[in-house]
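The entries follow in the order I made them.

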Amino acid sequence: MKHRDAPLKTRPWLRRRHDPGVKGAASFKPDFEADYRALDGKILRGVWEWMAPYRNGYLLMALAGLLMSGLELITPRFLQQLVDTDIPGVQLNIFSSWVLDFASWIGRPVNTSRWPRPDVAYLNIATTIFVWALTMGAALLIQRQVIWYTTYYGQRVLFNLRAAVFRQLQRLSMNYYDRTRFGRILTRGTGDIDSMSNFIVWGINTLVNNLAMMLLAAAMMLWLDWRIALAVLWLGPVLYITNILYRRRIGHAWRLTREGWTRVSTNLAENISGMRVVNAFNRQYENLDVFNDLQAVNTANNMHAALINGIYQPLLGLISFLGRLIIIALGAWMLLRGSGAAEAFHIGKLIAVYVYWDWFMGPVINFGNFYNDTMMALACAERVQTLLAEKPQVTDVQTPVVIESLRGEVIFDHVTFGYDPAHPVIHDVSFRAAPGEVISLVGHTGCGKSTIISLICRFYLPQQGHITFDGIDIREIEGTNPHRFLGIVSQNNYLFTGTVMENIRYARPEASDQQVRTALSDLGCLEQLESLPDGLQAQVGERGGALSLGQRQLICFARAFLADPRILLLDEATSAIDTYTELVIQQALARLVKNRTTFIVAHRLSTITGSDCILVMDHGQIRERGSHGQLLALGGMYAELYRQFISP
């Protein structure tokens with residue numbers, strides 16, 4: 001068989017990002033979200049709202065950063081003084097004068113009139129370096145505090161933002177998860193927020209301090225020599241126009257890059273989750289082809305963004321180099337021409353202007369990287385804001401009802417529902433479950449049985465008709481309130497990473513070990529689970545992968561029963577249990593459903609023969625209803641299903 005890894009080196013890395021020929025990634029329009037808007041102030045205002053609780057801290061650190069930058073900006077003046085005043089030693093500098101004045105004040109006057117020039121130079125150099133060191137030491141101490149507190153405020157914002165995303169995901173209705181891929185959701189809460197980290201932590205500080213440094217550096221250049229300053233500062237408008245063009249292109253490029261990465265991570269998550277199916281159907285190579293095609297588009301987008309940066313960054317370097325040439329050339333001309341003038345242009349001043357130009361260009365280059373981070377961060381912020389703005393389909397009324405106790409009466413009154421309202425799954429369904437009754441739902445796959453269970457759980461609300469608990473419309477009940485009285489076991493037996501005991505306790509964290517054991521004993525599966533290597537402390541593995549399907553289902557049964565619900569929902573709950581275990585559970589069910597309204601969805605008709613009422617569904621409607629004996633005597637759909645079930 002031809003090995004599929006070999007062609008990777010020939011893959012079209014530079015294929016255009018909108019190439020419709022890329023298998024598995026034909027378009028970069030998001031699958032389930034509105035297309036991106038142009039980056040504007042609305043997105044920035046949204047980010048600022050996240051940061052607003054810490055705005056005073058951010059502003060204080062920005063001011064501290066300004067003080068730090070101001071101290072650092074004195075450096076070229078120290079250099080100028082060393083070159084023009086201190087090293088020649090013609091006269092005392094201001095710092096040396098302060099030292100001598102202090103010596104005279106404490107009674108130790110010093111006469112420097114006969115000092116040789118080298119001694120004056122040494123004193124000048126020593127005092128200048130000492131003051132310079134004090135200045136830089138203060139700047140470094142301020143920098144330490146700025147780094148610590150700015151990081152603290154930024155991390156608090158990110159912490160709150162992740163919590164907000166998690167809360168939003170908890171409150172969104174099931175229809176959101178039905179239509180949104182797992183990888184896309186995961187990227188919103190992890191990768192997108194991580195990509196905003198640098199901007200949220202350092203954005204304000206970078207903007208304020210770099211802008212201040214540019215303006216102060218330009219002002220110092222004008223103050224030192226306006227002629228040289230004007231000769232190079234005309235490059236500022238050139239930089240401004242360059243930045244505008246760069247921002248327009250890099251913003252779009254980063255949006256496409258993030259979308260491409262989302263598709264790659266989504267595909268990866270799906271393949272990992274479905275690895276058993278992938279191996280069972282030998283789809284490794286085909287899936288690798290799709291994954292690599294997605295990577296090819298993602299790489300092409302990153303290369304496109306790199307191409308933009310590859311033009312912008314060298315252009316900044318060229319402008320910076322051009323400014324240096326102008327300063328050196330004009331400064332050299334002025335040194336030679338003005339050597340005899342009263343206000344001669346000195347070498348120290350030239351050095352200071354040269355350093356200030358670099359300090360003027362440094363923030364500009366930093367702004368290039370800052371814009372790069374900003375465009376990516378805002379593209380991610382737009383995605384997160386879209387998630388946080390998502391409205392749950394199932395919401396509470398203005399004054400919801402809180403149920404303190406529930407008898408367990410459930411009524412469906414002419415209920416019609418479709419996941420897509422234009423295509424109903426169940427039509428005009430009506431029935432009543434009295435408290436303590438066992439209601440079973442049977443019918444062919446896709447007839448709407450599990451949909452009824454989902455509606456009882458209030459995962460969805462019907463488009464027409466009413467569902468009531470003890471006479472109260474489910475729409476009027478507070479959202480999480482019904483779940484206190486519900487227990488569900490489905491065929492998708494999901495377990496969380498942890499021990500068997502922790503998973504059983506999930507519905508009642510306060511339950512004692514003995515209460516858990518009692519529930520397992522009543523269920524009749526205590527012996528089966530205690531036979532595990534570590535008993536009830538055995539690790540279930542991710543998604544329960546360390547256990548058999550039957551063991552996982554037993555844990556889900558125990559979890560629901562421990563919650564002691566008034567309404568018990570069993571949706572194909574015995575589908576993964578062997579015949580012996582099913583018989584054990586059948587014996588326990590008689591005790592467990594007593595005085596508890598129970599809904600059972602089952603293809604194994606042997607599990608529902610004792611039901612009070614069996615609803616036979618077909619194409620979203622109830623075709624027959626009655627007890628097992630009544631439906632057999634009727635000789636209709638149920639009787640035919642039962643004959644098919646018991647036939648060898």
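**Entry 1: positive phi**

I began with His414, which is partly exposed, at a relative accessible area of 46%. Here buried means under 20% relative accessible area, exposed over 50%, and partly exposed in between, with a 1.4 Å probe and protein chains only. The model is predicted, so I noted its limits: local features need pLDDT of at least 70, side-chain atom pairs count only at pLDDT 80 or more, and totals for chains, interfaces and linings use all residues. Residues are numbered from 1 along each chain as its sequence is written, and side-chain values use heavy atoms, with hydrogens and water left out.

I placed His414 in strand β1 (residues 410–417). Helices (H or I, at least four residues) and strands (E, at least two) are DSSP runs, numbered from the N terminus. His414 is not a glycine, yet its phi is positive, about 50 degrees. Most residues other than glycine have a negative phi. I found a positive phi near 50 degrees at Asp470 as well. Asp470 sits in the loop between β4 (464–469) and β5 (472–473) and is partly exposed, at 21% relative accessibility.

**Entry 2: salt bridges**

I took a salt bridge to be a side-chain nitrogen of Lys or Arg within 4 Å of a carboxyl oxygen of Asp or Glu. The count by this rule is 13 salt bridges.

I looked up the bridge between Arg596 and Asp564, with 2.5 Å from N to O. It links distant parts of the chain, 32 residues apart: Arg596 is in the loop between α20 (579–592) and β8 (597–601), and Asp564 is in the loop between α19 (549–562) and β7 (567–571). Arg596 is buried at 10% relative accessibility, whereas Asp564 is exposed at 52%.

Asp513 pairs with Arg505, and their closest N and O atoms are 2.0 Å apart. Asp513 is partly exposed at 39%, while Arg505 is buried at 18%. For Glu510 and Arg508 the corresponding separation is 3.6 Å. Glu510 is exposed at 60% and Arg508 is partly exposed at 22%.

**Entry 3: nonpolar cores**

A nonpolar core is a set of buried Ala, Val, Leu, Ile, Met, Phe, Trp, Tyr and Cys residues joined through side-chain atoms within 4.5 Å. Which residues touch the most other members of the largest core? They are Met196, Ile200 and Phe360, in a core of 73 residues. Elements giving two or more residues to this core include α5 (117–171), α11 (235–273) and α13 (284–337). Its largest share, 19 residues, comes from α14.

I then listed contacts, meaning heavy atoms within 4.5 Å. Leaving aside neighbours within four places in sequence, Phe360 is in contact with Met214, Ala217, Ala218, Leu233 and Leu239. Apart from this core lies another, of 42 residues, with Val500, Ala519, Leu570 and Tyr638 among them.

**Entry 4: Ile228**

Is Ile228 buried or exposed? It is buried, at 0% relative accessibility. Ile228 lies in helix α10. Among the residues it touches, not counting those up to four places away in sequence, are Ile327, Leu330, Met334 and Phe345. Ile228 and Tyr354 are 126 residues apart in sequence, and their C-alpha atoms are 9.8 Å apart in space.
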